[in-house]
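Welcome, and please take a moment to look over the model below. We will walk through a few of its features together.

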Amino acid sequence: MAAVEIVTAPWNLGLRPPAPGHEPGAWRAPDALLAAGLAERLRPARVVELDRPPYEFDPQPATRVRNGVTLREHTLLLGDAVRAALTASRFPVVVGGDCSVLLGCLLGARHRGRCGLVHLDGHSDFRHPGNHDMSTSLGSAAGMDLALATGRGELLLTHWPGVGRPLVPDEDVIQIGDREDEQTPPVVRFTAREILRIGIAELGERVARRLEARGLDRVWLHLDLDVLDERVLPAVDSPGRPGLDLAQLAALVAGLVRTGRVVGLDVTVYDPELDPDGVHAAPLVDCLGTALAPLTTTETPV
C-alpha cells in the first residue's frame, strides 16, 4: 500500500456566507483535525500545507460563481500538489475546506490518466445553469462540484489545461449518500435510504462490481462529512438525516480502499466554528484513522 501524504486545502471559496459579512468557517477544518491528532493516526510520509485563499463577498468579474476566479487559481495549485503526491507513489489525503476542493483533486489525478469518482455526499451537488437560474444569485461551487466535475457550468471551472472537459464522465461516477431528490445527476446512485436498507457490506459489493464493470482501476474518493447523520455530526453547513454513523462511514471507506482502486481522497465541510467545544474533531479523526488504517506508514510524519 502507498504511504499517505496529507495535503491541507484551507478554503471556504465554494460556500455562501452563513450571515452577512461573515465567512464560512470550513477553512479552519485542516488545523482542527491536525490538532486532534490526524497526522498521528495517518502517519503521513509528508504534510503539504497550501495557503488559505482570500474569500470575497462580492461577485468577481466574468463569472456567476462565487469566488470563481480565485477558485480556478487555487484549483490549479491543488491539482499540482495532488499530481506531485501521486507521482511520488503516495496516497493523497486532501483535507478541506469545502467541496470545491474536489476539482483540484480530480485535476491532479487526471494528469496520470483516466480516473473515476466515488462521490460520497449527503447531497448531489449537481446545481448548474441547466437546472438553476444563476442570473438572480451567485452560484456556490460547493453545491455544484459534481456538476462542474462532469463538465456542466462555466468554462472557467469546467475546462482545464491538459485535461479539457469533463474531469470525469457521467458513466465513471458513483454517487453515495444523497438524501435529496431535487437534482438527480445521471450517474449510478445509492441514496441514503437505500444504503440503510441494503447495509454497508452490500453497498460495498455493488460499488466494487460497478467499478469492475467500467474497467476503472483508478478512482478518486470524495468524502463530504455531511453524509453523516446530523445527530452524529451537526457541525457542517447543511446537516440532515438520514445519514451514516461513524462506524458505517469507516467501514465503507475502508472497504473501498481495500479494493486497491482508490488513488486518493478528500474530506470536506467540517466547520469548527459550528463545533465551539471541539467535541467532534477527535471522533472524526478516529473515523478517518480506522478507515485508512491499511495505508498507514511507519515513516516519521513531517
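Which residues have the most contacts inside the largest nonpolar core? They are Leu120, Ile176, Leu223, Leu225, Leu249, Tyr270 and Leu292, in a core of 56 residues. A nonpolar core here is a set of buried Ala, Val, Leu, Ile, Met, Phe, Trp, Tyr and Cys residues joined through side-chain atoms within 4.5 Å. Buried means under 20% relative accessible area, exposed over 50%, and partly exposed in between (1.4 Å probe, protein chains only). Another core, of 38 residues, lies apart from it, and Ala81, Val101, Leu167 and Val263 are among its members.

This is a predicted model, in which local features need pLDDT of at least 70 and side-chain atom pairs count only at pLDDT 80 or more, while totals for chains, interfaces and linings use all residues. Residues are numbered from 1 along each chain as its sequence is written, and side-chain values use heavy atoms, with hydrogens and water left out.

Let's turn to a pair of helices. Helices (H or I, at least four residues) and strands (E, at least two) are DSSP runs, numbered from the N terminus. The axes of helix 8 (residues 246–258) and helix 9 (residues 281–291) come within 8 Å and cross at roughly 30°. Axes are lines fitted to C-alpha atoms, for helices over the stretch in contact, and angles run from 0 to 180 degrees between N-to-C directions. That makes helix 8 roughly parallel to helix 9, a term for angles under 35 degrees. Where they meet, Leu246, Leu249, Ala250, Val253 and Ala254 of helix 8 face Pro283, Leu284, Cys287, Thr290 and Ala291 of helix 9; contact means heavy atoms within 4.5 Å.

Helix 8 also holds Ala251, which is partly exposed, with a relative accessible area of 40%. Ala251 and Ala201 are 50 residues apart in sequence, yet their C-alpha atoms are 8.3 Å apart in space.

Next come some backbone details. Gly96 and Gly97 are joined by a cis peptide bond with omega of about 25°, and the bond from Arg241 to Pro242 is cis too, with omega near 0°. Gly97 sits in the loop between strand 3 (90–96) and helix 4 (101–110), and Pro242 in the loop between strand 7 and helix 8.

Two residues other than glycine have a positive phi:

| Residue | Phi | Relative accessible area |
|---|---|---|
| Ala62 | near 65° | Ala62: 83%, exposed |
| Asn67 | near 60° | Asn67: 1%, buried |

Ala62 is in the loop between strand 2 (46–49) and helix 3 (68–87), and Asn67 lies in the loop between strand 2 and helix 3.

How values were computed. Angles under 35 degrees count as roughly parallel, over 145 as roughly antiparallel, 65 to 115 as roughly perpendicular and the rest as oblique.
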